Amino acid sequence: MKMPLMLRAVLPMLTVLSVLLCASPAQAQPRQYALDPARSWVQFELLHFGTSTIRGRIGPVQGQVTLDPEAGTGELGLRIPTASLSTGIPFFDARIRQDDLLSTSAWPEAFFVANRFRFEGAQLVEVRGEFTLRGVSQPLSLRALNYACRTPGPHEPNPDGAREVCGGDFEAEFRRSEFGASFALPFVGDRVKLQVQVEGRRR
Amino acid sequence: MKKPLLASALLAAASLNGFGTAQAQTASYTLDPTHTFVTWEALHLGTSTSRGRFDKKEGKVEFDRTAKTGKIDITIDMASITTGVAPFDNHLKGKDFFDVTAHPTARFQASGFSFDGSKVSAVQGTLTMLGKTQPVELKSSRFNCYENPFFKREVCGGDFEVTIQRSLWGSTYGLPGIPDNVRLLVQAEAIKQ
């Protein structure tokens with residue numbers, strides 16, 4: 001991972017140059033990103049007997065994001081493969097796939113579709129849209145915790161030749177009973193917290 | 001729900017654990033492996049948080065709620081690391097990171113318990129990983145004991161967390177691009193024997 005000295009000296013200059021080039025008004029148009037399957041995952045959290053937090057993973061999340069930070073707009077469509085869930089306990093995974101929880105035979109995917117992006121300056125802070133789980137759609141707001149864009153470095157694997165990678169961490173909460181996933185209430189809590197890792201690659 | 005089957009399997013495992021019953025106040029607890037997990041979080045190139053989990057672990061806990069003392073001994077199977085991304089898992093198991101062939105397990109041993117009223121607020125102990133032992137303190141964000149209706153026994157547990165610097169255990173690959181700080185989120189529940 002050690003960067004050659006020469007490269008280290010030149011890199012800041014290149015960065016300044018690329019910022020200047022990217023900042024030209026001709027570039028101010030929507031940018032399209034495809035989610036990176038290695039870095040796009042949902043973690044869910046539920047409280048067990050009011051005592052400890054059950055965690056599970058769903059993914060990779062698939063989809064496209066279009067962003068126009070200058071205009072402060074964007075839109076995205078994500079597919080979340082609920083049948084892929086993994087808690088580390090196969091027995092729980094099988095139970096959660098059943099009809100009174102994620103019902104993955106009937107609804108193998110959840111969806112998040114959004115076009116209300118809130119920026120503070122260049123920083124994305126919130127995405128509001130519609131979340132569909134078990135075929136039930138409800139409004140959902142994702143709060144952006146970290147959000148950053150980077151240009152893939154010379155030592156970062158970049159098989160698709162992405163010009164830019166943007167991503168961050170997003171958080172949301174909902175009540176599973178509102179989507180009809182009611183098994184084991186109240187021993188396992190109604191409130192579900194989502195922690196979403198997303199990185200989108202701009203071709 | 002087939003929970004009774006799982007419960008009886010767990011109880012059978014628990015009863016084979018060979019804890020002494022002679023202690024007057026100190027109760028022995030066996031870790032409930034279905035509600036005990038270590039999840040780690042590390043920032044990926046300053047952009048998003050990568051997460052992973054260790055799926056196989058075992059351990060025992062001695063705990064005296066009156067005297068506010070206890071002992072924890074948990075062993076984690078490092079080859080059971082899972083991120084959902086197979087090439088990432090293989091890299092983490094290899095020599096660059098956990099080197100699981102040379103160091104197949106990590107171990108957390110603790111005998112320092114801090115309390116806030118009747119609740120455990122922190123646990124002080126050591127984490128042995130990659131052949132090195134360093135002190136760690138897990139802060140509790142939640143702690144509770146309850147009567148579990150499936151086991152018909154008392155279960156105590158909670159959520160704990162600590163941010164470690166992996167370099168203290170000699171894990172330096174990719175620093176500083178791959179950050180030194182790794183946050184550990186620990187779910188733990190243990191069944192009274």
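**Exercise 1. Describe the contact between chain A and chain B from the side of chain B.**

Solution. Start with the counts: 31 residues of chain A and 29 residues of chain B take part in the contact, where two residues are in contact if their C-beta atoms, placed from the backbone, lie within 7 Å. Next, assign the chain B side to elements: strands S2 (37-44), S3 (48-54), S9 (132-148), S10 (153-165) and S11 (181-192) of chain B each give two or more residues, and S3(B) supplies the largest share, five residues. Helices (H or I, at least four residues) and strands (E, at least two) are DSSP runs, numbered from the N terminus. Finally, sort by class: this side of chain B has 16 polar, seven nonpolar and six charged residues, with Ala, Val, Leu, Ile, Met, Phe, Trp, Tyr, Cys and Pro counted as nonpolar, Asp, Glu, Lys and Arg as charged, and the others, Gly among them, as polar.

The model is predicted, so that local features need pLDDT of at least 70 and side-chain atom pairs count only at pLDDT 80 or more, whereas totals for chains, interfaces and linings use all residues. Residues are numbered from 1 along each chain as its sequence is written, and chains are lettered from A and ligands numbered from 1 in the order in which they are written.

**Exercise 2. Place Thr51(A) in its chain and in its surroundings.**

Solution. First, locate the residue: Thr51(A) belongs to the loop between strand S2 (41-48) and strand S3 (52-58) of chain A. Then judge its burial: Thr51(A) counts as buried because it has 21 C-beta neighbours inside 10 Å, the cut-offs being 20 or more other C-beta atoms within 10 Å for buried, 12 or fewer for exposed, and partly exposed in between, with C-beta atoms placed from the backbone. Last, list its partners: neighbours within four places in sequence aside, Thr51(A) is in contact with Asn144(B), Tyr146(B), Gly157(B), Gly158(B) and Glu189(B).
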